[in-house]
Amino acid sequence: MDGYRTEEEQVEAIKKWWEDNGKSIIAGVVIGIGAIFGWRAWDNHTLMQAEAASTLYEQMIAASRSNDTDNARVYADRIMADYDSTTYGVFAALMLARLAAEDQDLAAAESHLRWVLANSPQEEFEHVARLRLARVLIADNRLDEALKTLNTTAAGEFVSRYEELRGDIYIKQGNNEAARQAYQKALANAVAGEDAQSVLQIKLDELGRS
């Protein structure tokens, strides 16, 4: 305002500026306040969703641990129906896939696992789903497809599991040399002290006798 010579000119300039811009400022403030309250409402809604999904998840796990597969499936279905956009949806889909596999419903197990691959928010869950899907495909004797499922350039800490499963597939295909190489790579990447090491060594020893 230093460019104005008198107080009257300053006042007139303020009035004119307010006439030109006041309405948009008020609208901006109203929108901003609305956005704050809207965000808080959404945040509260999200929190309530997570809490409800968490309760169902705990019930699902408790039912599973007590071998109550019927209720485990009921809770998992409810999570998928109402909270599939949360991480609990991934847990529920993995549970439904396991229950389906145990019932020899390989098509349903495959469907749930492919859903996880398409919707998982975390890479770790994708690896779990991919490995389980490969096992389902092996059980369905779709060995080539199972191998393709295991093709990933970012196996990370799951390298040993990927290679062991590749070895299992090669064994079923009668390719013992490829199986041996896969098991050796799995053993080299296994965490020291884990049972997986002894299992892999047994598999390699059996190959040596074949």
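What covers the buried residues of helix α5 includes α3, α4 (106–119), α6 (143–149) and α7, where buried denotes a relative accessible area under 20%, exposed over 50% and partly exposed in between (1.4 Å probe, protein chains only). The model is a predicted one, in which local features need pLDDT of at least 70 and side-chain atom pairs count only at pLDDT 80 or more, whereas totals for chains, interfaces and linings use all residues. Residues are numbered from 1 along each chain as its sequence is written, and side-chain values use heavy atoms, with hydrogens and water left out.

The chain contains nine helices and zero strands, helices (H or I, at least four residues) and strands (E, at least two) being DSSP runs numbered from the N terminus. Along the sequence the pattern accordingly reads α-α-α-α-α-α-α-α-α. Of the 210 residues in the chain, 33% are buried. Among contacts (heavy atoms within 4.5 Å) between residues at least 6 apart in sequence, 43% join residues at least 24 apart.

Helix α5 itself has 17 residues and reaches 25 Å from its first C-alpha to its last, close to the 24 Å expected at 1.5 Å a residue; the expected span is 1.5 Å times one less than the number of residues in the helix. The buried residues of α5 are Phe125, His127, Val128, Ala129, Arg130, Leu131, Leu133, Ala134, Val136, Leu137 and Ile138. For α7, the end C-alpha atoms are 21 Å apart, which agrees with the 21 Å that its 15 residues should span at 1.5 Å a residue. The buried residues of α7 include charged side chains, among them Glu163, Glu164 and Arg166, as well as Val159, Tyr162, Leu165 and Ile169.

Two packed helices are described by the angle between their axes and the distance between the axes. Here the axes are lines fitted to C-alpha atoms, for helices over the stretch in contact, and angles run from 0 to 180 degrees between N-to-C directions. The axes of α5 (residues 123–139) and α7 (residues 159–173) come within 11 Å and cross at roughly 10°. That angle makes α5 roughly parallel to α7, given that angles under 35 degrees count as roughly parallel, over 145 as roughly antiparallel, 65 to 115 as roughly perpendicular and the rest as oblique. In this pairing His127, Arg130, Leu131, Ala134, Arg135 and Ile138 of α5 meet Arg161, Tyr162, Leu165, Ile169 and Lys172 of α7. The residues of this contact divide into six nonpolar, one polar and four charged, with Ala, Val, Leu, Ile, Met, Phe, Trp, Tyr, Cys and Pro counted as nonpolar, Asp, Glu, Lys and Arg as charged, and the others, Gly among them, as polar.

Helix α3 (residues 87–102) packs with α5 at an angle of about 15°, the axes lying 12 Å apart, and the two helices are therefore roughly parallel to each other. Their crossing is left-handed, a term applied if the near helix is turned anticlockwise from the far one by less than a right angle, and right-handed if clockwise. Thr87, Val90, Phe91 and Leu94 in α3 meet Phe125, Val128, Ala129 and Arg132 in α5. By class, this contact of α3 with α5 has six nonpolar, one polar and one charged residues.

The axes of α3 and α4 come within 8 Å and cross at roughly 160°, so that these helices are roughly antiparallel to each other, and their crossing is likewise left-handed. Gly89, Val90, Ala93, Leu94, Leu96, Ala97, Ala100 and Ala101 in α3 meet Ala108, Ala109, His112, Leu113, Trp115 and Val116 in α4. The contact of α3 with α4 comprises 12 nonpolar, two polar and no charged residues.

Positive phi values occur in the loops as well. Asparagine 141, in the loop between α5 and α6, has a phi near 60°, a positive value in a residue other than glycine, and is exposed, with a relative accessible area of 59%. Asparagine 67 lies in the loop between α1 (7–65) and α2 (69–82); although it is not a glycine, asparagine 67 has a positive phi of about 60°, and it is exposed at a relative accessible area of 66%. After α7 comes glycine 174, whose phi is positive, near 80°.
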